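Please prepare a short report on the structure shown below, covering its fold, its surface and its side-chain contacts.

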Amino acid sequence: MKQSVGKAAASGSILSFAFISFLSVFREGAETIIFYSGMAPDMSAGALAAGMSFFHRRSSVNLSIGL
């Protein structure tokens, strides 16, 4: 990643930065899915949904955007 960011900074391409940002976020999401899929067989559907809901509510940020 560090090398990719360095190349994007050298070229000054905004598209490169956007693509690197997308890949970083996508990678974190994939890691989260793999983590939950390892725990899911031992949990009931309700417990899994409650856990994901709790995590989502605690990790979300409320953005006040005035339109």
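## Fold and confidence

Read from the N terminus, the elements of the protein follow the order α-α-α, with three helices and zero strands in total; helices (H or I, at least four residues) and strands (E, at least two) are taken as DSSP runs and numbered from the N terminus. The model is a predicted one, in which local features need pLDDT of at least 70 and side-chain atom pairs count only at pLDDT 80 or more, while totals for chains, interfaces and linings use all residues. Residues are numbered from 1 along each chain as its sequence is written, and side-chain values use heavy atoms, with hydrogens and water left out.

The average pLDDT, the predictor's confidence in each residue on a scale from 0 to 100, is 76 for the protein, and 84% of the residues score at least 70. Among the elements, helix H1 (residues 2–11) has the lowest mean pLDDT, 71, whereas H2 has the highest, 82.

## Exposure and the nonpolar patch

Of the 67 residues, 4% count as buried, where buried means under 20% relative accessible area, exposed means over 50%, and partly exposed lies in between (1.4 Å probe, protein chains only). The protein exposes about 5,900 Å², of which carbon and sulfur atoms supply 67%; accessible areas come from the Shrake-Rupley method with a 1.4 Å probe, and for residues only the protein chains shown count as cover.

A nonpolar patch on the surface is formed by Phe 19, Phe 22, Leu 23 and Phe 26, which together have about 430 Å² of accessible area. Patches are made of residues with over 30% relative accessible area and no salt bridge, with like charges joined within 9 Å and nonpolar side chains (Val, Leu, Ile, Met, Phe, Trp, Tyr) within 5 Å.

Because they are four residues apart in helix H2, Phe 22 and Phe 26 are separated by about one helical turn; Phe 22 is partly exposed at 49% relative accessibility, and Phe 26 is exposed at 53%.

One salt bridge is found in the whole structure, defined as a side-chain nitrogen of Lys or Arg within 4 Å of a carboxyl oxygen of Asp or Glu. The side chains of Arg 27 and Glu 31 meet in a salt bridge at 3.4 Å, N to O, and these residues, four apart in helix H2, are likewise separated by about one helical turn.
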